[in-house]
Amino acid sequence: MTARLPVFPLATVLFPGLVLPLHIFEERYRALVRHLVDLPEGASREFGVVAIQAGWEVAPAEPGTRPGAGVGEVTLHEVGCTAELRQVTELADGGFDIVTVGRRRFRIAEVDESAAPYLTAEVEWLPEPAGPDEVADLLAARVIAVFRQYLGLVRSDPEEISEQLPEDPTVLSHLVAATAALTVDDRQRLLAIDDTAARLRAELRLLNREAALLRQVRAVPVPLSELASPPTPN
(Lines give C-alpha, C1' and ligand atoms only; values in the text may rest on other atoms or scores of the structure.)
Protein backbone atom coordinates (compact mmCIF):
# COMPACT_ATOMS: atom_id res chain seq x y z
CA MET A 1 0.00 0.00 0.00
CA THR A 2 1.33 3.44 -0.94
CA ALA A 3 0.48 7.00 0.04
CA ARG A 4 1.62 10.52 -0.76
CA LEU A 5 3.16 12.48 2.11
CA PRO A 6 4.65 15.90 2.70
CA VAL A 7 8.32 15.32 3.56
CA PHE A 8 10.46 17.25 6.04
CA PRO A 9 14.23 16.55 5.66
CA LEU A 10 16.08 16.78 8.97
CA ALA A 11 19.54 16.01 10.30
CA THR A 12 18.02 13.49 12.69
CA VAL A 13 16.14 10.19 12.71
CA LEU A 14 12.62 9.94 14.12
CA PHE A 15 11.30 6.66 15.57
CA PRO A 16 7.69 5.55 16.18
CA GLY A 17 6.40 6.65 19.57
CA LEU A 18 9.11 9.26 20.16
CA VAL A 19 8.37 12.96 20.67
CA LEU A 20 9.94 15.46 18.25
CA PRO A 21 9.51 19.21 18.93
CA LEU A 22 10.33 21.48 15.99
CA HIS A 23 10.76 25.22 15.46
CA ILE A 24 9.37 26.07 12.01
CA PHE A 25 10.87 29.19 10.45
CA GLU A 26 11.25 28.51 6.71
CA GLU A 27 8.29 29.67 4.62
CA ARG A 28 7.91 26.34 2.81
CA TYR A 29 7.47 24.50 6.11
CA ARG A 30 5.24 27.23 7.50
CA ALA A 31 3.05 26.43 4.48
CA LEU A 32 3.20 22.74 5.43
CA VAL A 33 2.03 23.45 9.00
CA ARG A 34 -0.78 25.69 7.75
CA HIS A 35 -1.84 22.91 5.36
CA LEU A 36 -1.97 20.37 8.20
CA VAL A 37 -3.82 22.71 10.56
CA ASP A 38 -6.45 23.45 7.89
CA LEU A 39 -7.25 19.78 7.30
CA PRO A 40 -10.79 18.70 8.27
CA GLU A 41 -11.43 17.50 11.82
CA GLY A 42 -10.48 13.85 12.13
CA ALA A 43 -8.05 13.90 9.20
CA SER A 44 -4.55 12.49 9.71
CA ARG A 45 -2.16 15.38 10.36
CA GLU A 46 1.04 13.57 9.44
CA PHE A 47 4.17 14.41 7.49
CA GLY A 48 7.24 12.35 6.79
CA VAL A 49 10.50 13.01 8.63
CA VAL A 50 13.49 11.70 6.67
CA ALA A 51 17.14 11.97 7.68
CA ILE A 52 19.41 13.85 5.30
CA GLN A 53 22.11 11.71 3.72
CA ALA A 54 23.90 14.65 2.05
CA GLY A 55 23.13 18.34 1.68
CA TRP A 56 21.57 21.00 3.88
CA GLU A 57 18.50 21.17 6.07
CA VAL A 58 17.80 24.78 5.14
CA ALA A 59 17.38 25.69 1.48
CA PRO A 60 19.54 28.54 0.15
CA ALA A 61 17.73 31.88 0.11
CA GLU A 62 18.71 33.36 -3.24
CA PRO A 63 17.04 36.35 -4.91
CA GLY A 64 14.37 35.28 -7.36
CA THR A 65 14.00 31.70 -6.12
CA ARG A 66 10.63 30.40 -5.04
CA PRO A 67 10.20 29.03 -1.50
CA GLY A 68 11.59 25.55 -1.45
CA ALA A 69 14.04 26.09 -4.29
CA GLY A 70 17.26 24.25 -3.65
CA VAL A 71 15.58 21.18 -2.20
CA GLY A 72 17.16 19.19 -5.00
CA GLU A 73 20.51 19.79 -3.28
CA VAL A 74 19.43 17.39 -0.53
CA THR A 75 19.90 13.62 -0.74
CA LEU A 76 17.55 11.72 1.58
CA HIS A 77 17.73 8.30 3.17
CA GLU A 78 15.14 5.88 1.82
CA VAL A 79 13.45 5.04 5.13
CA GLY A 80 11.69 7.60 7.32
CA CYS A 81 8.97 7.88 9.94
CA THR A 82 5.80 9.93 9.93
CA ALA A 83 5.40 12.70 12.50
CA GLU A 84 1.88 13.28 13.77
CA LEU A 85 1.13 16.90 14.64
CA ARG A 86 0.01 17.12 18.27
CA GLN A 87 0.52 20.73 19.30
CA VAL A 88 0.94 24.00 17.38
CA THR A 89 1.95 27.40 18.71
CA GLU A 90 1.93 30.23 16.19
CA LEU A 91 4.65 32.84 16.77
CA ALA A 92 4.54 36.60 16.26
CA ASP A 93 6.91 36.39 13.26
CA GLY A 94 4.65 33.91 11.44
CA GLY A 95 6.65 30.85 12.39
CA PHE A 96 5.49 27.94 14.55
CA ASP A 97 6.65 25.87 17.47
CA ILE A 98 5.18 22.40 17.05
CA VAL A 99 5.22 19.13 18.94
CA THR A 100 4.99 15.89 16.96
CA VAL A 101 5.07 12.20 17.77
CA GLY A 102 6.59 9.52 15.53
CA ARG A 103 3.93 7.17 14.23
CA ARG A 104 4.79 4.77 11.36
CA ARG A 105 7.77 3.86 9.22
CA PHE A 106 7.86 4.15 5.46
CA ARG A 107 10.16 3.73 2.48
CA ILE A 108 10.35 6.46 -0.17
CA ALA A 109 9.37 5.26 -3.64
CA GLU A 110 9.53 8.60 -5.45
CA VAL A 111 10.17 12.24 -4.47
CA ASP A 112 8.32 15.16 -6.06
CA GLU A 113 10.00 18.57 -5.78
CA SER A 114 7.39 20.55 -7.74
CA ALA A 115 3.93 19.58 -6.48
CA ALA A 116 4.08 21.90 -3.45
CA PRO A 117 6.38 24.51 -1.89
CA TYR A 118 7.79 21.64 0.20
CA LEU A 119 8.89 18.15 -0.80
CA THR A 120 6.27 15.44 -1.20
CA ALA A 121 6.88 11.75 -1.77
CA GLU A 122 5.13 8.57 -2.76
CA VAL A 123 5.84 6.17 0.11
CA GLU A 124 5.35 2.51 0.96
CA TRP A 125 4.37 1.64 4.52
CA LEU A 126 6.79 -0.74 6.22
CA PRO A 127 5.53 -3.72 8.26
CA GLU A 128 5.43 -3.69 12.04
CA PRO A 129 5.21 -6.79 14.30
CA ALA A 130 1.59 -7.84 14.81
CA GLY A 131 1.88 -10.41 17.60
CA PRO A 132 4.04 -11.84 20.39
CA ASP A 133 7.58 -12.91 19.54
CA GLU A 134 9.36 -15.14 22.05
CA VAL A 135 12.81 -14.39 20.63
CA ALA A 136 12.18 -10.64 20.78
CA ASP A 137 10.96 -10.96 24.39
CA LEU A 138 14.19 -12.73 25.42
CA LEU A 139 16.33 -10.20 23.58
CA ALA A 140 14.41 -7.30 25.16
CA ALA A 141 15.39 -8.49 28.65
CA ARG A 142 19.07 -8.56 27.59
CA VAL A 143 18.83 -5.12 25.97
CA ILE A 144 17.27 -3.64 29.12
CA ALA A 145 20.13 -4.99 31.24
CA VAL A 146 22.84 -3.73 28.88
CA PHE A 147 21.07 -0.40 28.36
CA ARG A 148 20.96 0.20 32.14
CA GLN A 149 24.71 -0.48 32.32
CA TYR A 150 25.22 1.95 29.45
CA LEU A 151 23.10 4.62 31.21
CA GLY A 152 25.21 4.13 34.33
CA LEU A 153 28.25 5.19 32.31
CA VAL A 154 26.70 8.26 30.68
CA ARG A 155 24.47 9.59 33.49
CA SER A 156 25.54 10.73 36.94
CA ASP A 157 22.06 10.80 38.55
CA PRO A 158 21.02 7.35 39.86
CA GLU A 159 17.33 8.32 39.63
CA GLU A 160 17.65 8.74 35.87
CA ILE A 161 19.10 5.23 35.57
CA SER A 162 16.21 3.66 37.53
CA GLU A 163 13.56 5.08 35.18
CA GLN A 164 10.93 2.67 33.89
CA LEU A 165 11.71 1.10 30.54
CA PRO A 166 8.98 -0.29 28.28
CA GLU A 167 8.44 -4.05 28.32
CA ASP A 168 7.11 -4.19 24.76
CA PRO A 169 10.12 -5.26 22.64
CA THR A 170 9.25 -3.06 19.64
CA VAL A 171 8.64 0.04 21.77
CA LEU A 172 11.85 -0.68 23.67
CA SER A 173 13.84 -1.06 20.45
CA HIS A 174 12.68 2.35 19.22
CA LEU A 175 13.37 4.03 22.59
CA VAL A 176 16.91 2.63 22.81
CA ALA A 177 17.68 3.62 19.22
CA ALA A 178 16.51 7.19 19.85
CA THR A 179 18.08 7.61 23.31
CA ALA A 180 21.55 6.08 23.02
CA ALA A 181 24.35 8.36 21.79
CA LEU A 182 24.52 6.89 18.30
CA THR A 183 25.40 8.43 14.95
CA VAL A 184 22.69 9.32 12.45
CA ASP A 185 23.91 6.44 10.27
CA ASP A 186 23.59 3.99 13.18
CA ARG A 187 20.09 5.22 13.95
CA GLN A 188 19.12 5.10 10.29
CA ARG A 189 20.19 1.47 10.01
CA LEU A 190 18.13 0.60 13.08
CA LEU A 191 15.06 2.40 11.73
CA ALA A 192 15.30 0.46 8.46
CA ILE A 193 15.21 -2.95 10.19
CA ASP A 194 11.72 -4.46 9.89
CA ASP A 195 12.13 -7.27 12.42
CA THR A 196 12.11 -6.32 16.12
CA ALA A 197 14.41 -9.17 17.14
CA ALA A 198 16.94 -8.18 14.48
CA ARG A 199 16.80 -4.56 15.66
CA LEU A 200 17.37 -5.61 19.28
CA ARG A 201 20.35 -7.77 18.27
CA ALA A 202 21.86 -4.82 16.43
CA GLU A 203 21.30 -2.61 19.49
CA LEU A 204 23.05 -5.12 21.75
CA ARG A 205 26.13 -4.90 19.53
CA LEU A 206 25.99 -1.09 19.46
CA LEU A 207 25.44 -0.72 23.21
CA ASN A 208 28.29 -3.10 24.01
CA ARG A 209 30.52 -1.14 21.61
CA GLU A 210 29.59 2.22 23.15
CA ALA A 211 29.95 0.92 26.72
CA ALA A 212 33.41 -0.48 25.96
CA LEU A 213 34.50 2.87 24.51
CA LEU A 214 33.16 4.76 27.55
CA ARG A 215 34.94 2.43 29.97
CA GLN A 216 38.18 2.84 28.02
CA VAL A 217 37.95 6.64 28.10
CA ARG A 218 37.27 6.64 31.83
CA ALA A 219 40.22 4.29 32.43
CA VAL A 220 42.73 6.68 30.85
CA PRO A 221 44.44 8.66 33.65
CA VAL A 222 44.54 12.46 33.24
CA PRO A 223 47.20 14.44 35.13
CA LEU A 224 45.70 16.97 37.57
CA SER A 225 47.86 19.70 36.02
CA GLU A 226 45.99 19.23 32.72
CA LEU A 227 42.64 19.64 34.46
CA ALA A 228 43.75 22.78 36.28
CA SER A 229 44.61 24.87 33.23
CA PRO A 230 44.15 24.69 29.47
CA PRO A 231 47.11 23.44 27.44
CA THR A 232 49.40 26.11 26.02
CA PRO A 233 49.75 26.28 22.23
CA ASN A 234 53.06 25.22 20.69
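This report walks through the fold, the cores, the aromatic pairs and the charged side chains of the structure above.

## Model and overall fold

The model is predicted, so to speak plainly about its limits: local features need pLDDT of at least 70, side-chain atom pairs count only at pLDDT 80 or more, and totals for chains, interfaces and linings use all residues. Residues are numbered from 1 along each chain as its sequence is written, and side-chain values use heavy atoms, with hydrogens and water left out.

The protein has 7 helices and 7 strands, taken as DSSP runs numbered from the N terminus (helices are H or I, at least four residues; strands are E, at least two). Along the sequence they come in the order β-β-α-β-β-β-β-β-α-α-α-α-α-α. Of the contacts (heavy atoms within 4.5 Å) between residues at least 6 apart in sequence, 70% join residues at least 24 apart.

Buried residues account for 40% of the 234 residues; buried means under 20% relative accessible area, exposed over 50%, and partly exposed in between, with a 1.4 Å probe and protein chains only.

## Cores and helix H1

Let's go inside. A nonpolar core is a set of buried Ala, Val, Leu, Ile, Met, Phe, Trp, Tyr and Cys residues joined through side-chain atoms within 4.5 Å. The largest one has 48 residues, and Phe8, Leu22, Ile24, Phe47, Ile98, Phe147 and Leu207 touch the most other members. Helix H2 (residues 134-154) supplies the largest share of this core, 8 residues. A second, separate core has 11 residues, among them Ile52, Val74, Phe106 and Ala121.

Setting aside neighbours within four places in sequence, Phe8 is in contact with residues including Leu22, Ile24, Tyr29, Leu32 and Phe47. Tyr29 and Leu32 are among the buried residues of helix H1 (residues 27-37), and the cover over the buried part of H1 includes strands S1 (2-10), S2 (19-24), S3 (46-54), S5 (79-90) and S6 (96-112).

## Aromatic pairs

Rings of Phe, Tyr and Trp (its six-membered ring) pair if their centres lie within 6.5 Å; planes under 30 degrees apart count as stacked, over 60 as edge-to-face and the rest as tilted. There are 4 aromatic pairs by this rule.

Phe147 and Tyr150 are stacked, because their centres are 6.1 Å apart and their planes at 15 degrees. Both are buried. Elsewhere, Phe8, Tyr29 and Phe47 form one aromatic cluster.

## Charged side chains

The structure holds 12 salt bridges, each a side-chain nitrogen of Lys or Arg within 4 Å of a carboxyl oxygen of Asp or Glu. Glu128 and Arg105 form one, with the closest N and O atoms 2.6 Å apart. Glu128 lies in the loop between S7 and H2 and Arg105 in strand S6, so the pair ties together parts 23 residues apart in sequence. Arg105 is buried at 0% relative accessibility, while Glu128 is partly exposed at 34%.

Asp186, Arg189, Arg209 and Glu210 are linked in a network of salt bridges. Arg187, in helix H5 (residues 184-191), is buried yet has no salt bridge, and the nearest side chain of opposite charge, Asp186, is 8.4 Å away. Here Lys and Arg count as positive and Asp and Glu as negative, with His and the chain ends not counted.
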